[in-house]
Amino acid sequence: MSVIRKSNKLINVCYDIRGPVLQEAKRLEEEGQRIIKLNIGNPAPFGFEAPEEIVQDVIYNLPSAQGYCDSKGLFSARKAVMQESQKKGIKNVTIEDIYLGNGVSELIVMATQGLLNDNDELLIPAPDYPLWTAAASLAGGNPVHYHCDEQRDWAPDIDDIRSKITERTKGIVVINPNNPTGAVYSEAILLQIIALAEEFGLIVFADEIYDKITYDDAQHIPLASLSDEILCLTFNGLSKAYRAAGFRSGWMIITGPKHQARDYIEGLDMLASMRLCANVPAQHAIQTALGGYQSIDELTAPGGRLYEQCHIAWQRLNQIPGVSCVKARGSLYLFVRLDPEIHPIKNDEKMALDLLQQQKVLIVQGSGFNAPDTQHFRLVCLPREDELIEAIDRIGLFLKSYSQA
């Protein structure tokens, strides 16, 4: 029998967060070795559980959740999302502008599949959440990465975005708060991105899944609340702020001049119908989550577990010679830089693999987030403080003697 190969559509698609280094970690675990996992933003395994009232609502509604629902989602859940949008100052959102999905991930793939023709371009931040790059490639488009400036707290470089807009550019992705850098963008930055979108007739895709996870004086501003003049697709869900990643419950909201996008919206309706509907039991969590007590506020305030873990991790990393890290203003991550004068890294995936094998610490290399160099890695701040300190101490010990020939 001849070799069966993957589709050519997958040649430029990768998702290194769950790539070869993770496979090696699984092998080591099967041997009985303990791995400190700093690779995936999955709250539940680290003791961050969904609020009990959310779980109870899903259980209570389970008997009535056995059939398909409307392809866009349950009315009650979409109405809750609509009301949340109104609270955030996002105007003119109706029930029909809201699509529920099996997490934001499914909706990102739908949004790119519905928009991009072969060789169309989508502007995506570098570093990025790699699903955006993968989804654009899978849709036949070309992901074009714009620069985010580490020296300015990882803010998008507006001049660089402008320089990369071509006649094939269809949209701009904005991840705010940002995964992997922890940046939270100012109103001034968002308005400049909106101005570019308006000038060139581009869609803005606002990935705001971490909107409720901010620290100190950082304030998340919903991009769609700043303009009615651009078509904006906003993505959010229960995975992070409500610690319900396994529920796979997310939503997408369309705002702006929808009359100019009737054909695209028709395509999104078709894609929503083709998957029949999103997970119905998990949709019953949305109304309770958005309308109930926001326990995430305790976790992100000084003294809260997320706040303190991110802070201690940032402090300890910056104490390692040749290591620096911009303090996260939001999200669950730190994006760490290795000084090339002290720690020259030619192959960052090899470095991540060597760290795993030598110190049993699992991180994701910066190139897995389409960073333009090999001197970065992402660290997740979800493990408890003692485990984070142990992991960072091991990273320091590893770097003390590590070199690549």
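How many residues does helix H4 have, and how far does the helix reach from its first C-alpha to its last? In this predicted model, H4 spans residues 103–115, which gives 13 residues and a reach of 19 Å. That value is close to the 18 Å expected at 1.5 Å a residue. Several positions of H4 are buried, namely Gly103, Val104, Leu107, Ile108, Met110, Ala111, Thr112 and Leu115.

E11 is mostly covered, with five of its six residues buried.

Attention now turns to charged side chains. Side chains of opposite charge can pair when their charged atoms come close. The whole structure holds 24 salt bridges. In one of them, Glu84 meets Lys87 with the closest N and O atoms 3.4 Å apart. Both belong to helix H3 (residues 75–87), and because they are three residues apart there, about one helical turn separates them. Glu84 is buried at 10% relative accessibility, whereas Lys87 is exposed at 62%.

A second example joins Asp211 and Lys88, at 2.5 Å from N to O. Asp211 sits in the loop between strands E7 and E8, and Lys88 in the loop between H3 and strand E2, so this pair ties together parts that are 123 residues apart in sequence. Asp211 is buried, with a relative accessible area of 9%, while Lys88 is partly exposed at 24%.

Lys350 is partly exposed at 42% relative accessible area, and Asp354 is buried at 11%. Elsewhere, salt bridges with shared partners link Asp70, Lys72, Arg78, Glu96 and Asp269 into one network.

The cysteines complete the picture. Zero disulfides are found in the whole structure. For Cys69, the closest cysteine sulfur belongs to Cys277 and is 4.2 Å away, so the two are too far apart for a bond. Cys148 is likewise in no disulfide, its nearest cysteine sulfur, in Cys325, being 15 Å away. Cys69 is buried at 15% relative accessible area, and Cys148 is buried at 3%.

How values were computed: Residues are numbered from 1 along each chain as its sequence is written. This is a predicted model: local features need pLDDT of at least 70, side-chain atom pairs count only at pLDDT 80 or more; totals for chains, interfaces and linings use all residues. Side-chain values use heavy atoms; hydrogens and water are left out. A disulfide is a pair of cysteine sulfur atoms within 2.5 Å. Buried means under 20% relative accessible area, exposed over 50%, partly exposed in between (1.4 Å probe, protein chains only). Helices (H or I, at least four residues) and strands (E, at least two) are DSSP runs, numbered from the N terminus. The expected span of a helix is 1.5 Å times one less than its number of residues. A salt bridge is a side-chain nitrogen of Lys or Arg within 4 Å of a carboxyl oxygen of Asp or Glu.
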